[in-house]
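Please look over the model shown here alongside the notes that come after it. They are meant for someone meeting this structure for the first time.

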Amino acid sequence: MRISATINSFKSSNLISWKTTGKLQQTLAGCIELSGKTLQSGKVSKVKIWSRFTGQGRYFEFHSNLIPASIDFVRESLLCTSLCKDGYKIRTVEHLLSALETKGIDNCRIQIQSLDSEDTEVEVPIFDGSANAWVEAIEQVGRKEALDRCGNNVEKLAPYLSEPFYVSRNDSFMVAFPASKVHISCGIDFPKGK
C-alpha cells in the first residue's frame, strides 16, 4: 500500500479518536533564527520560527505559501520527509518537527528561505544530522502558554488508537497498539556485504 493510501485509510477509519491531554497548548517565547547547509542539495537555507495563537498548529511559510506540518501534505521522497502544497516542496523537515514535538511546541510559523528566490523547493538545514541544534534553540528562547485571539488558553488534544494498526511495504512494517503512554521500539537489519 502506498504511503498516501495508508494515511488516508488510517485517517478515515475509526482507529483514532482525539482526546484532551490535560495540558495547555504551547508556543515559543521568542523567535528562533538559524541558517545552515542542507543535506540533499548542499545549498544554504535560512529558518525563522515565530510564536502563533492556539489552534494554528505548526506550519511552514515558503515564498508566501503556507504548508501545514501535517500528514495531509507529506509526499513520498527519497531519504527524507517532504511536505508539498501548490507546487512548493519543503524537504528534510523531520529533525525540526521532531524537536518541536519533543519540546512541546504546538503552534508556530516556520518561515524558510533559500538563497535562490526562484526555487520551488527548499530544505531545512541539516546541521550535525540530528535535532540537537533545534532543541538547543528552542530551549534558549523557551516556551510559553499559547493563547487564542481573545487571550484564552486552550487544552491540547492528542490522537489515541482504539485498536491495533499494521501496515507493511516490501520488507518493512509498522505496528501500532493502543496505550496510555507513547513507547516506540524500532530495529533495522542491513544485509551483510559480499
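Predicted model: local features only at pLDDT ≥ 70, side-chain atom pairs only at ≥ 80, totals over all residues.

1. Residues are numbered from 1 along each chain as its sequence is written, and side-chain values use heavy atoms, with hydrogens and water left out.

2. The largest nonpolar core has 26 residues, and I49, F60, I90 and I110 have the most contacts inside it; such a core is a set of buried Ala, Val, Leu, Ile, Met, Phe, Trp, Tyr and Cys residues joined through side-chain atoms within 4.5 Å. Two or more residues of this core come from each of β4 (44-51), β5 (58-62), α2 (94-102), β10 (108-114) and α3 (132-141).

3. Not counting residues up to four places away in sequence, F60 touches a set of residues including L83, I90, L96, I110 and V124, where contact means heavy atoms within 4.5 Å.

4. S82 belongs to strand β8 (residues 82-85) and is buried because its relative accessible area is 0%, buried meaning under 20% and exposed over 50%, with partly exposed in between (1.4 Å probe, protein chains only). The side chains of S82 and S77 are joined by a polar contact of 2.9 Å. Beyond its neighbours within four places in sequence, S82 is in contact with residues including F73, K89 and I90.

5. F177 lies in the segment after β15 (172-176) and counts as exposed because its relative accessibility is 56%.

Definitions and conventions. Helix = DSSP H or I, 4+ residues; strand = E, 2+ residues; numbered from the N terminus. Polar contact = N/O pair within 3.5 Å; in protein donor to acceptor, adjacent residues only side chain to side chain.
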